[in-house]
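Subject: Structure for you to look at

Hello,

Here is the structure I promised you. Please open it first, then read my notes below.

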Amino acid sequence: MNETFMKEKPVLPLLLSMALPNVVSMLVNSLYNIVDSLFVARISEDAMTALSLVFPIQNFSNAIAIGFGIGINAMIALYLGAGDREKAETAATHGFVLSLVHGVVMMAVSIAIMPGFLRRFTQDETLIAAGITYSTIVFLFLVVNMVSLAFEKIFQAVGRMKVSMVALITGCVCNILLDPVLIFGLGPVPAMGIAGAALATGIGQVLSVVVYLVVYLRTELPVRLRRSCLRPDAALDGRLYAIGIPAILNLALPSLLVTFLNGLLAAFSQSYVVVLGIYYKLQTFLYLPANGFVQGMRPLIGYNYGAREHARVKKLFQLTLLMSAAIMAAGTVICQVASGQLMGLFTQNPETIAAGQTALRIISIGFVISAVSTTASGALEGLGKGTESLVISLCRYVVFIMPLAALLCNWLGADGAWHAFWLTEVLAAVVSGIVYRRAVTHKK
């Protein structure tokens, strides 16, 4: 397979060919997240609250899988662009094995800490029991999830976006079909409640891995996982982590933020905790498709930088920013016009719906401007500039929003937390422009 199309094909068709399969798969994934939550919401609002409380740890484990996968993706693309296929295969092999190790460690740690973590936010034993039931099953599949995401980033790095799309869609559709069967019971299958939702998630992840394995074993790829590449290479592993760790922190910071905001909002009402959980479910429908363009851009930027095609790097960034902003503009309109209907999908509690309407309308003010920081962060990761990407994410999730939320909640009540979102996006966009410009200038 000849991957030089990444530097030869016209930029706009190239980006679309790489991004659209990701956008489709991300849309399906976000739809799955929403449908999954809709089924859980039918169990009870307590079940939704349990999922909201588990979310930070679940998101952190996903952050490790995806973030380290970004390191694998970037190194493969950079080495292929530079014409060093052996190094690209070594990066793929080391990255895959390390992902397996991460999965085993995270499975054990996450299951062990969950009871104590849940008790930090509630003393309701019913909620705690539901959270432990759900999280234990989900975390038992962490090794599978790590393998799936490692494969995803390897296939994306060599331009096989459609394989990732098919694998993700297969897992998500399986999950959606199994949710009602396992949650509410059907025929000989007993009703499992929240445990059924967790099991459906795990089975969907297994099916995604099966798709990757079938394609990997039956087709030719520019890079292969090779036993001969397992020899120690501390310098390469260091580069994988140098990109992967900042990317992990980028993705894990929302977990820290949600944990912080849960504590802040719980002081006003448990309804606000539910609203925050619902918002993060809904935002996936916007941010994941936009992230599809960023994922499509990332290997292209890495490959073209490795091939010293700097003009193409600039054009790829500009087009991705434009596409992401367009998606976020559509999301802003939806949240402003249909906020009540969106909240009503997940809860029938009038107090929660009213609070959620206000939250969505305020937070969505910052959607369009957020495209600047998300695109800049993804581009920097593609260029191997993980630390600079981390600076942007720290500003978005810690430096700006946490102090703003605490301060504004004292002035405006719980609504202050929602205003902190859009104010943060404005400030983060300014920082992103400065950081990205300096990083790209230094690279040239």
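Predicted model: local features only at pLDDT ≥ 70, side-chain atom pairs only at ≥ 80, totals over all residues.

**Salt bridges**

The count comes to 8 salt bridges. Three of them are worth a look.

Start with arginine 226. Its partner is glutamate 89, and the closest N and O atoms of this salt bridge are 2.9 Å apart. Glutamate 89 lies in helix H4, while arginine 226 sits in the loop between H8 and H9. The pair therefore ties together parts that are 137 residues apart in sequence. Glutamate 89 is buried, because its relative accessible area is 10% and buried means under 20%.

Next, find glutamate 86 and arginine 231. Their side chains form a salt bridge, at 3.1 Å from N to O. Glutamate 86 is in helix H4, and arginine 231 is in the loop between helix H8 (194-218) and helix H9 (234-266). So this pair links parts that are 145 residues apart in sequence. Arginine 231 is partly exposed, at 44% relative accessible area.

Glutamate 125 counts as partly exposed, at 46% relative accessibility. Arginine 119 is also partly exposed, with 37%.

What is behind such pairs? Side chains of opposite charge can pair when their charged atoms come close.

Valine 105 counts as partly exposed, because its relative accessibility is 45%. It belongs to a nonpolar patch on the surface, together with Val97, Val101, Val109, Ile113 and Leu230. Together the patch residues have about 450 Å² of accessible area.

**The core**

Nonpolar side chains in soluble globular proteins tend to be buried together. Here, the largest nonpolar core has 135 residues. Ile76, Trp418 and Phe421 have the most contacts inside it.

Which residues does isoleucine 76 touch, leaving aside its neighbours within four places in sequence? Isoleucine 76 is in contact with Ala88, Ala91, Ala92, Ile154, Ala157, Val158 and Val223.

Best wishes

Methods: Residues numbered from 1 in each chain as written. Heavy atoms only, no water. Patch = residues over 30% accessible without salt bridge, like charges linked within 9 Å, V, L, I, M, F, W, Y side chains within 5 Å. Areas by Shrake-Rupley, 256 points an atom, 1.4 Å probe, with all protein chains shown as cover. Salt bridge = Lys/Arg side-chain N within 4 Å of Asp/Glu carboxyl O. Buried < 20%, exposed > 50% of the residue type's maximum accessible area, 1.4 Å probe, protein only. Helix = DSSP H or I, 4+ residues; strand = E, 2+ residues; numbered from the N terminus. Core = buried A, V, L, I, M, F, W, Y, C linked by side-chain atoms within 4.5 Å. Contact = heavy atoms within 4.5 Å.
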